[in-house]
Amino acid sequence: MKLAFLEQLLDASRSRSAGALVTDLGSGAQRLLTLQHSVGDLSLDDEQFARVRRAIDEDRSQIVAMPTREVFVEVWSAALRLIVVGGVHTAQSLVPLAKLLGYDVTLVDPRAAFASAFRFPDTSLIIEWPEVAVPRLEPDRRTAVVTLTHNPRIDDPALIAALRSEAFYIGALGSRRTHEQRRERLGREGFDAAALNRVHGPIGLAIGAMTPAEIAVSIMAEITAVLRRSPLAVRA
Amino acid sequence: MSDSEQVLSEAAAWRRGGLGVALATVVSTWGSSPRPVGSKLAVNETGQMIGSVSGGCVEGAVVQTALEIMRGGNSSVLEFGVSDEQAWEVGLACGGRIRIYVERIL
């Protein structure tokens with residue numbers, strides 16, 4: 001692989017959108033495919049290209065065996081994102097942990113004292129009410145939304161925006177009782193039981209977390225379980 | 001930043017700095033292999049490495065091949081199976097099998 005091609009691959013990866021790298025395992029020729037681009041020295045005829053396309057549609061990296069060549073198709077999905085609402089103490093553990101797990105993290109809090117670069121270095125911060133900020137972030141199927149403030153004035157609008165999106169995970173910090181009250185409030189906003197069940201509350205896997213860092217582990221464990229479709233993701 | 005992005009980013013930085021670099025990628029797995037298809041390991045000419053292609057079971061052998069490829073060898077596909085007593089340091093204790101593509105960054 002030439003350095004210039006590696007740089008293009010890196011750019012594609014940094015763009016956070018989906019793509020594929022196709023490598024002829026015999027000759028080493030390669031082609032990079034993204035929504036916008038098809039670059040590289042690997043040429044494929046129509047039939048070969050159709051087989052590569054199928055591997056990409058399956059969204060699974062794999063070797064495609066062809067009569068005269070063996071081609072490795074490496075497929076990657078769009079980046080995972082985490083929207084954290086509330087720059088509270090737990091968020092200070094959650095944000096770095098989520099970054100370690102590969103998430104692009106955005107922290108939303110209308111209170112500048114909480115969403116500060118001092119508390120969250122090298123983090124994308126939005127000092128804005130969630131009813132404005134969360135819809136603007138356009139949560140999609142690769143996005144998790146977590147609310148941590150305990151304050152309905154801040155958490156509820158974020159949850160409402162998340163419920164109107166395809167976010168793969170929605171979680172709200174707070175006790176069982178708080179969560180019941182939250183469900184009642186959201187129910188009055190017109191969300192039915194199926195919608196309300198999308199909100200994981202109390203948030204996180206039940207690992208007996210006590211400290212902010214332990215709660216962060218419990219939250220990221222649950223998000224991972226949902227992402228990977230683990231049986232642990234299903235609540236009794 | 002994803003794992004792959006981190007490995008590619010370091011590989012590019014090494015190469016830009018003038019170091020010889022090779023990149024190893026898991027291209028297929030059978031059974032209970034430790035890292036999924038697409039996992040990457042980059043190696044530079046001083047033997048520094050970032051990322052992984054197994055749980056540490058075969059990295060030693062991959063680094064050897066990577067160093068040879070850096071010195072002008074062709075890209076190649078390595079295959080590792082279950083470890084036996086003679087070759088325990090280059091086998092997979094888990095009983096899986098993996099194929100790894102190793103290429104030079106030019």
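Reply: In this predicted model, 25 residues of chain B are in contact with 22 residues of chain A, where contact means heavy atoms within 4.5 Å. This is a predicted model, in which local features need pLDDT of at least 70 and side-chain atom pairs count only at pLDDT 80 or more, while totals for chains, interfaces and linings use all residues. Residues are numbered from 1 along each chain as its sequence is written, chains are lettered from A in the order in which they are written, and side-chain values use heavy atoms, with hydrogens and water left out.

The size of an interface is often given as the accessible area lost when the parts come together. Here chain B and chain A bury about 1,900 Å² between them, 57% of it on carbon and sulfur atoms; this is the accessible area (1.4 Å probe) lost on putting the two together, summed over both.

There are 3 salt bridges between chain B and chain A, a salt bridge being a side-chain nitrogen of Lys or Arg within 4 Å of a carboxyl oxygen of Asp or Glu. The side chains of B:K40 and A:E74 form a salt bridge, with N to O at 2.8 Å.

On the side of chain B that touches chain A, the elements giving two or more residues are α1 (3-16), β1 (21-30) and β5 (97-105) of chain B. Helices (H or I, at least four residues) and strands (E, at least two) are DSSP runs, numbered from the N terminus. The most comes from α1(B), with 8 residues.
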